[in-house]
Amino acid sequence: MDAIACTTLLLVAAAAYGSSYSIATVSGVLLAFTANAGHNFFHKKDNWRMYYIHLSLLSVRDWRIYHCLSHHVYTNTLQDLELTSFEPFFDFTPDPKKNWIQRFLSWVYYPFIHATMCHAEFFSRCYHEILSMSELLIALVIPPLLFVANGGYIISAILMWTWIICVASLFQNITDIVATHRSVDFVQGDAPSHATLHGNATMQDYSEISHLQKT
């Protein structure tokens, strides 16, 4: 993980030095991998590696709430914020009442939504004045590196930083949505599968799922 993070920063500097958006794109993908790897560490007690996610403008505090306390406890139900927080842009449930925009047009606009999500979360925390000092300081590691490496061109540094974060945001969200730790046996509105009932869940889990379907 540390090697991925270091490689990301080296490629960031190389992209700025050579004014290469191709290298910047690769660094954005690696930044997404760095943030996703950091996810493994905010499942544990506080440790410095969990703060890698701040490089992508996301927040450890927020992720612990809607990922650890919501997604992993209420996976793929309406209490799972990772399932419902995309509404009204996306509806991941098998709801027959989904409108045609959610059903079909979302395939067109999803890259834009996912590519701007890291920026949106960052500016939302700024607006609500809940941005911590650690989040701000770590988020601002990349811009000065770009500024120094490109010879002091601030506009170019900001534009390349924006591109890197957009690439990271897109790949991070795509990875998150299709990640293998997500349950494929049940999504709110489904009938629980045989695997859910007999393989991955207890009878108590099944009863709770059935109750959620009826509410």
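Reader: How are H1 and H8 oriented to each other?

Author: H1 and H8 are oblique to each other. The general idea is to compare axes, which are lines fitted to C-alpha atoms, for helices over the stretch in contact, with angles from 0 to 180 degrees between N-to-C directions. Angles under 35 degrees count as roughly parallel, over 145 as roughly antiparallel, 65 to 115 as roughly perpendicular and the rest as oblique. Here the axes of helix H1 (residues 2-18) and H8 come within 8 Å and cross at roughly 40°. H1 passes H8 in a right-handed crossing; a crossing is right-handed if the near helix is turned clockwise from the far one by less than a right angle, and left-handed if anticlockwise.

Author: Please keep in mind that this is a predicted model, in which local features need pLDDT of at least 70 and side-chain atom pairs count only at pLDDT 80 or more, while totals for chains, interfaces and linings use all residues. Residues are numbered from 1 along each chain as its sequence is written, and side-chain values use heavy atoms, with hydrogens and water left out.

Reader: How do H1 and H2 pack, and at what angle?

Author: Their axes are 8 Å apart and the angle is about 160°. H1 and H2 are therefore roughly antiparallel to each other. The crossing of H1 past H2 is left-handed.

Reader: How many helices and strands are there in the protein?

Author: Helices (H or I, at least four residues) and strands (E, at least two) are DSSP runs, numbered from the N terminus. The protein has 11 helices and 0 strands.

Reader: What share of the residues counts as buried?

Author: Buried means under 20% relative accessible area, exposed over 50%, and partly exposed in between (1.4 Å probe, protein chains only). Of the 215 residues of the protein, 41% count as buried. Gly28, in helix H2, is one case: Gly28 is buried, with a relative accessible area of 0%. The C-alpha atoms of Gly28 and Leu11 are separated by 9.1 Å, and the two residues are 17 residues apart along the chain.

Reader: Which residues of helix H6 are buried?

Author: In helix H6 (residues 117-127), the buried residues are Met117, Cys118, His119, Phe122 and Arg125. An α-helix has 3.6 residues a turn, so residues three or four places apart point the same way. Just after H6, Glu129 takes a positive phi of about 55°.

Reader: How many salt bridges does the count come to?

Author: Side chains of opposite charge can pair when their charged atoms come close. A salt bridge is a side-chain nitrogen of Lys or Arg within 4 Å of a carboxyl oxygen of Asp or Glu. By this rule, the count comes to 5 salt bridges.

Reader: Which residue forms a salt bridge with Arg49?

Author: The partner of Arg49 is Asp2, with the closest N and O atoms 2.7 Å apart. Arg49 lies in the loop between H2 and helix H3 (60-71) and Asp2 in helix H1, so the pair ties together parts that are 47 residues apart in sequence. Arg49 is partly exposed, with a relative accessible area of 26%, and Asp2 is partly exposed, with a relative accessible area of 26%.

Reader: Which residue pairs with Asp46 in a salt bridge?

Author: Asp46 pairs with Arg64, and their closest N and O atoms are 2.6 Å apart. Asp46 lies in the loop between H2 and H3 and Arg64 in helix H3, so this pair ties together parts that are 18 residues apart in sequence. Asp46 is exposed, with a relative accessible area of 54%, whereas Arg64, at 22% relative accessibility, counts as partly exposed.

Reader: Is Asp62 buried or exposed?

Author: At 17% relative accessibility, Asp62 counts as buried. The side chains of Asp62 and Arg61 meet in a salt bridge (3.5 Å, N to O). Salt bridges that share partners join Arg61, Asp62, Arg125 and Glu135 into one network.

Reader: Which residues form the nonpolar patch on the surface?

Author: Patches are made of residues with over 30% relative accessible area and no salt bridge: like charges are joined within 9 Å, nonpolar side chains (Val, Leu, Ile, Met, Phe, Trp, Tyr) within 5 Å. Accessible areas come from the Shrake-Rupley method with a 1.4 Å probe; for residues, only the protein chains shown count as cover. Here the patch consists of Tyr21, Phe147, Val148, Ile154, Ile155, Ile158, Leu159 and Trp163, with about 810 Å² of accessible area together. The largest share, 5 residues, comes from H9. Tyr21 lies in helix H2 (residues 21-39) and, at 37% relative accessibility, counts as partly exposed.
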